[in-house]
Amino acid sequence: MKGIGVSPGIAIGKAFVIKKTEITLNGVLLTNDEEISREKNRFENAVDRAVEEIEAIKSNKNRSLQDEDLAILDTQIELLTDPQLKDDVIEKITSDRKNSTDALIEVIETFVQLFEGMDDEYMRARAADIKDIGNRIFKHLDGGGNPSIRNLQPNTIIIAEDISPSETITMDIVNVAGFATQVGSKTSHTAIIARAKGIPAVVGCGDGIGTIKNDDLVILDGINGVLYINPPEEVIADYTAKKNAWQQSAARLKALKNQPAITTDRKKITLSANIGAAEEFADVFEYGGEGVGLLRTELLFMNRDTFPTENEQLEFYKNVALQSKGVPVIIRTIDIGGDKHLPYFKLPTELNPFLGYRAIRICLDRKELFITQLRAILRASIFGNLKIMFPMISNLQEVRSAKQIVDEAKTDLSKEGIVFNADIQVGIMIEIPSAAIMADILAKEVDFFSIGTNDLCQYTLAVDRMNEKVARLYDPFNPGVLRLISNVIEQGHKQGIYVGLCGEMASDPMATLLLLGMGLDNFSMSASAIPAVKDIIINHSVSEAKEIYKNAMQMDSSEEIIAYLKQHLK
Amino acid sequence: MITNDYTILAPQGMHARPATVLIKLVKNYKSVVSLKRGDKTVRLNSMLNILALTIKGGETISVIVDGEDETEAAQAIGLFFTEQLKDL
């Protein structure tokens, strides 16, 4: 059975079907005052019991309730005891001679329609609350018929048309292994609760869900949005293995998230993320990232007809700073070139765009573009811990010129009375071989290096990764490339600056110990790759890593080096 | 009978939380309190009624208080609208 996987994970368990109580009018009219009185009492008792039920949940000390849960319950009590609701129901019983069930159904329906018809989204959502309490009173009028969800067997998979907020609060959630519903989407209540509690869930399964019976064996795959009902042995065995694998990696992720990346001999390594937009910060923090080693700014320039203005850029950087929770964010200045076609920026068609007019070369040539970006970054710098990084540096003069323009931007802003972080750090990417080789000279003039191994590798090995014929020569473990990387780190440290690496190599677990042994301070990668790298760092010492690095540097081929590194990862 | 007009200082208007607080407040007094928005008047004891008025932030509503303790009640209600509401 296919649905929408809204909360990842795998659950294997027995189905517990929550049947939607049939709520239909029975049409029975009351014939005398005695019956009217009886129905009024029935209604009032049902309300009392409904309120008691909620009070019981609130005071149940065995389960801890979140603030939001408590607020929902309080609102429910308020609605249950609402005088207008009561007046309307009593009116229907007394004047229209409807029995309490019908009276309740009609009154609830009226209110639900009223609220569902409102413009305000908040009010429309209250319609669900009103339905919810209506159902609760109805249950008590009916004498209840639903097996209690308050006591469940372990590894229960809840099967329902949909699951209401009060149901999730009431149920014995400790024993719930998964949720499967007929309706729903990524943003429905079931999905939100399931994700918050880390319970696998599949919603929107459709009518087929009605075929599932209590105690059926269910395999629920919340990642792919699939359900298996009473599957054969092989499927069970297969999924049991998948479930264990999933749980292990999820547990590892959870355990590592807040752990600092400190080696066994107490060296602190910074693990950061490469991102392109402020929205990605959620992932950065989810995976335990402590900073952004590379903020790409290309997004700002794409999908537009004109250059982004200073203010537009300011909004972008400011947003990044505000979402950053104060962690360091390294912003790479314009890195575009002839390979990227921007409709508003006529760049020459080049035979060798990667060796051509791009990045810092454009910036130093078109000062007005560069200074606009720098001004925006400086203005945003007061909202967070921002740093500036120039890409594609090939010599010292470029560094000096770029820094001069930064100074000019600072002076202008000061004259205009605009605040900025005067001590903002400025660093460079090391991706061109000349820069890597003369790292000793460059280290004196910047606050940090960030090694861009993707391009460094290509330029050093004279290989285009996209060229199938030679792509296999692209090899970060080539002894020449490794020596360059090592030199950059060494020279950086000689001048007391820190060295990070933001190329793919940072995320490669096979390279971690090697880079650690070289003395790398900061690894920046896709957020999701952070836990695996952290796992290696916290389980090794820098001295071990130095040994590994020394040994690797004695080898003359990357095959040998890779085989050696593989051994150490076991 | 005391009638006062108030501007709703909460940007989201009268939502469930402020409505609950106001209802609880009014329960302390014997007077009958009503809310009037435009030409609709409802008793201030029902959350459903208050919500159904869809009072939006920035709107002005009237509060009518009638009873033996109307002065105190009106004062307390006044404080709610001028001081408390914006923090809820």
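Biologist: Why is A:E53 counted as buried?

Modeller: Its relative accessibility is 14%, and buried means under 20%, so A:E53 falls in that class. This is a predicted model, and the value is computed from it.

Biologist: What makes A:R136 and A:E53 a salt bridge?

Modeller: The closest N and O atoms of the two residues are 2.4 Å apart. The cut-off is 4 Å between a side-chain nitrogen of Lys or Arg and a carboxyl oxygen of Asp or Glu, so the pair qualifies. The partners come from distant parts of the chain: A:R136 is in helix α5 (residues 121-141) of chain A and A:E53 in helix α1 (residues 33-59) of chain A, 83 residues apart.

Biologist: Is A:R136 buried or exposed?

Modeller: Buried, because its relative accessible area is 5% and the limit is under 20%.

Biologist: Why is the pair A:K92 and A:E106 said to tie parts of the chain together?

Modeller: Their side chains meet in a salt bridge at 3.1 Å, N to O. A:K92 belongs to helix α3 (residues 83-94) of chain A and A:E106 to helix α4 (residues 100-116) of chain A, so the bridge joins parts that are 14 residues apart in sequence.

Biologist: What makes A:K550 and A:E547 a salt bridge?

Modeller: The closest N and O atoms are 3.9 Å apart, and the rule asks for within 4 Å, so the pair is counted. Both residues lie in helix α20 (residues 542-552) of chain A, three residues apart, which is about one turn of the helix.

Biologist: Why is A:E547 called partly exposed?

Modeller: Its relative accessible area is 40%. Buried would need under 20% and exposed over 50%, so A:E547 sits in between.

Biologist: Which residues do salt bridges with shared partners join into one network?

Modeller: A:E310, A:R375, A:R379 and A:E416. Over all chains, the structure holds 25 salt bridges.

Biologist: How much area do chain B and chain A bury between them?

Modeller: About 1300 Å², with 69% of it on carbon and sulfur atoms. In chain B, the residues losing the most area to chain A are B:H15, B:M47 and B:L48, together 40% of what that side buries.

Note on methods
Residues are numbered from 1 along each chain as its sequence is written. Chains are lettered from A and ligands numbered from 1 in the order in which they are written. This is a predicted model: local features need pLDDT of at least 70, side-chain atom pairs count only at pLDDT 80 or more; totals for chains, interfaces and linings use all residues. Side-chain values use heavy atoms; hydrogens and water are left out. Buried area is the accessible area (1.4 Å probe) that two parts lose on being put together, summed over both. Helices (H or I, at least four residues) and strands (E, at least two) are DSSP runs, numbered from the N terminus. Buried means under 20% relative accessible area, exposed over 50%, partly exposed in between (1.4 Å probe, protein chains only).
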